[in-house]
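Morning, everyone. Please look at the model first.

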Amino acid sequence: MSKVKYYYDSESLSYRKIERKKRTTFKYASFFLLGCAFFAFIFVFIASQYLESPKEKAMKRELHNMQLQFELINKKMSEAETVLANIEDRDNNIYRVYFEANPIPEAQRKAGFGGINRYKNLEGFDNSKLIIESNKRIDILQKQIVVQSKSLDEIAVLAEEKEKILVAIPAIQPVSNEDLTRMASGYGMRSDPFTKARKMHWGMDFTAPRGTPVYASGDGKVVRADSGSSGYGKHIRIDHGFGYISLYAHLYKYNVRKNQKVKRGDIIGFVGSTGRSEAPHLHYEIFKDGERINPINFYYGSLTAEEFNKLLEHASLENQSLD
């Protein structure tokens, strides 16, 4: 029950009850509510500046987690770029050099993306720069991986071709050292056994007893096994592919026929002295793209370093050839 207040009326010399007008009550109530609203606004404003709501805390944690994820992604991209750079270096300086392929230019490996702005939809955000740079790195990394993948595919093809070349080209001595009497004459200017004049000797002469086995120096196909070439007598020519042909002359007899495929080390004939020959021996020549070349460079598959040096020494002597 509210208190009743009185005031003293000097005119009537009596106490009268104080009557509060409704307007005054409404005015006081309005001032009170406005004061409360003002202080509430001030409190909310201060609280919003220094205090975080549960939702804001959750969003802040989520943003922090996303930033950590971006840092981890960028770290992994840096590691991937390092590994890829190492592969690219080996690809250019080892694999492609070994297989005689041109290195891939750096500009081609690391080329960017021209034309329209690919990242326009990522602009306008608080972390747009970070997001755009990360996307650029990923796109460039993906392109580098595609370029490197294609390069390795090419290397695989070249390796297969290289393997075919290595088994095809002449690589062993056509007469084994056990059967060899001596290396009579090498490639170069030599004295002709019949005219005694100096002339070009286009092959190497291996002295061995008649009937000594003669071996194919590389895989290939027999394209000739006849005595139709002047001076060679009974001879064999093997096409090894890749522009290489080996010739075996002055044979006693054949062990192969024309168009027969042979493997390195197969016995293709036997040492003789047919044709323009002074004594039993094998005259051996190698052609590359139709030109005669020195056979001394094609014995890496059958001789030790010491044996090769000895053969090289004998081959360099300007003595008399046997044909």
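Start with Lys253, which lies over the face of Phe270, 5.5 Å from the ring centre. "Over" here needs NZ of Lys or CZ of Arg within 6 Å of the ring centre and within 35 degrees of the ring normal. Lys288 lies over the face of Tyr244, at 5.1 Å from the ring centre.

Ground rules. This is a predicted model: local features need pLDDT of at least 70, side-chain atom pairs need 80 or more, and totals for chains, interfaces and linings use all residues. Numbering runs from 1 along each chain as its sequence is written, and side-chain values use heavy atoms, without hydrogens or water.

Back to Phe270. In S13, Phe270 is the bridge partner of Lys253. Strands are DSSP E runs of at least two residues, numbered from the N terminus. Strand S11 (residues 251–254) pairs antiparallel with S13 over three bridges; pairing takes at least two DSSP bridges. Strand S7 (residues 213–215) also runs antiparallel to S13, joined by three bridges. There, Pro213 stands opposite Phe270.

How enclosed is S13? Largely, because four of the five residues in 267–271 are buried, meaning under 20% relative accessible area with a 1.4 Å probe, protein chains only.

Now ring on ring. The count is one aromatic pair, with centres within 6.5 Å as the cut-off; under 30 degrees is stacked, over 60 edge-to-face, the rest tilted. Tyr248 and Tyr284 are tilted, 5.3 Å centre to centre, 45° between planes. Tyr248 lies in S10 and Tyr284 in S14, so the pair ties together parts 36 residues apart in sequence. Tyr248 is buried at 0%, and Tyr284 is buried at 0%.

Notes:
Phe/Tyr/Trp six-rings, centres within 6.5 Å; stacked < 30°, edge-to-face > 60°. Buried < 20%, exposed > 50% of the residue type's maximum accessible area, 1.4 Å probe, protein only.
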